Amino acid sequence: MFTHFEIHQFPLWDRLREKRIPLSFDLELTARCNFNCRHCYINLPADDVQAKDRELTLEEIRHIARKAVQMGAVWCLITGGEPLLRKDFPDIYLLLKRLGLLVSVFTNASLVTSEHARLFKKYPPRDIEVTVYGASKETFEQVTRRSHSFEAFLRGLQLLLNSGIRVRLKNMVIRSNRHEFDEISSFCLKHTKDYYRSDPFLCLRNDRDPARNAEIRAERLTPMEIIAIGRSERRSVAGQPAAGALLFPEQRDAPDNALFRCGAGQDSFTVGYDGRLRLCSALCRPDCVYDLRRGDLSDAWQDFVPAVRERCSTRTEYRHACGRCELARINLCRWCPANSYLETGEMDRPVDYFCQIAHAEAASLGIRHSRSDRHQP
Amino acid sequence: MDAQVSLDAVCTPSEDVVVREIEGNVIIIPVAAGIVEVEGELFTLNPTGHAIWRKLDGQRTLKEVASALSRDYDAPSSDIEVDVVAFADALRQRRLVVLHEHRASVGSRCTTFAR
């Protein structure tokens, strides 16, 4: 009369997706972080008073999350910044759990206390994901730019592991730690709960800070380095046997002026630390965000988000490039209107870096595709 | 050894789970550790389980639940009692519900049925 099942096996999901129900959302508890990673797209100083003052309160989070659950949300990812900077993290976490959400947490682990470990032990998260920035103190702190951060990371991770909490690790591959790739991978493999992933794709800053963006660009790997990582791991896009398959088949016949070919705002959304709803974590263009402090989540979801997704490009350059490019419609290209905005200030401009990676990967995989006008020799 | 489930027991959802109804489907989501082996595992009910679950309001005894279902489905109460007790026992063993001896004890856990 009752059965248990793994959440992804539930046959209801397809039906829910058809009905455009917001099944999952990311909740950025803060933009502040005790690290200052060179590649980070969001971090502000831990003692940034203005940023702290703008953060959603527990009651505001309760209101938004309750509404999301009423609308059908099942998954919630708590992220940041560093979410454990919030003193009320345990209250927020339990609040979300008790609403019946499957809660995951992204943390750098350095602020994990025995209280956090007990909380996670008693009320397990669906996942805890921790990024490993280096396998040595020197490299780790070259990335985080915080002395003693390596020891704090190891201590926090060990606290979790010793408490029986299984942690998924992630290898964020950037210029400053590339030389330790094998050691970081070994560390991840040794301690991760199931698999680990390497991520060499760096997004630019949400706040479009030019100086920080310059730092991020300096940390980016070359397209060939990214492809080499994919080959060596067989976990990245380039390594997956499904590479080349359409990620969103319904977009195959999208007109060449269509901007949104991804799932942003289809069954998920992001709530920023200041209560602003975004279609995805990267879509920060001011006229594409909705202030939940001034409006209601259901209005945002039913009216605002679809209107954003319907936006089209009037730029000929776009229609002849990304708009027609087959690689932009499959999971080989990182281009999207959100990344385009972060890179160029417009949502409909090609981004050379993404083009280079996508075409190099296509060539590497032997995927034939008709080249857009932009890439004609 | 587990105690027998009594028809006089009152059944309430455990504080360790959250029960949600999504598109007409009852989903039981574990909040606390130890209910499922792998985080992300949930429970769902088939139509019979769903019908019984709706009657488990923390007020009625299992006998009264069976009696109400008997009226709803025009079936012998004795047959339904067997199903209701088996269902409650299965839920109890997975820590999805708490059984109380009788209505007067609702709100306090019954150690008789502790796992």
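The accessible surface of chain A comes to about 16,500 Å², and carbon and sulfur atoms hold 50% of that area; such areas are computed by the Shrake-Rupley method with a 1.4 Å probe, and for residues only the protein chains shown count as cover. This is a predicted model, in which local features need pLDDT of at least 70 and side-chain atom pairs count only at pLDDT 80 or more, while totals for chains, interfaces and linings use all residues. Residues are numbered from 1 along each chain as its sequence is written, chains are lettered from A and ligands numbered from 1 in the order in which they are written, and side-chain values use heavy atoms, with hydrogens and water left out.

Of the 377 residues in chain A, 57% are buried, a word that stands for under 20% relative accessible area, whereas exposed stands for over 50% and partly exposed for values in between (1.4 Å probe, protein chains only). Chain A has 14 helices and 12 strands, where helices (H or I, at least four residues) and strands (E, at least two) are DSSP runs, numbered from the N terminus. Among the contacts in chain A with a separation of 6 or more, 71% join residues 24 or more positions apart, a contact being heavy atoms within 4.5 Å.

Helix α8 of chain A, residues 181-191, shows how burial can be arranged around a helix. Its buried residues are A:Phe181, A:Ile184, A:Ser185, A:Phe187 and A:Cys188. Because these residues cover an arc of only 160° around the axis, they lie on the same side of α8(A), the arc being that of the directions from the helix axis to the C-beta atoms. The buried residues of α8(A) pack against β7 (127-132), α7 (149-162), β8 (168-172), β9 (197-199) and α10 (223-233) of chain A, while on the other side of α8(A) the residues A:Asp182, A:Leu189 and A:Lys190 are exposed.

Some details of the backbone also deserve attention. In chain A, the peptide bond from A:Gly80 to A:Gly81 is cis, with omega near 10°, and A:Gly81 sits in the loop between β5 (75-79) and α4 (89-98).
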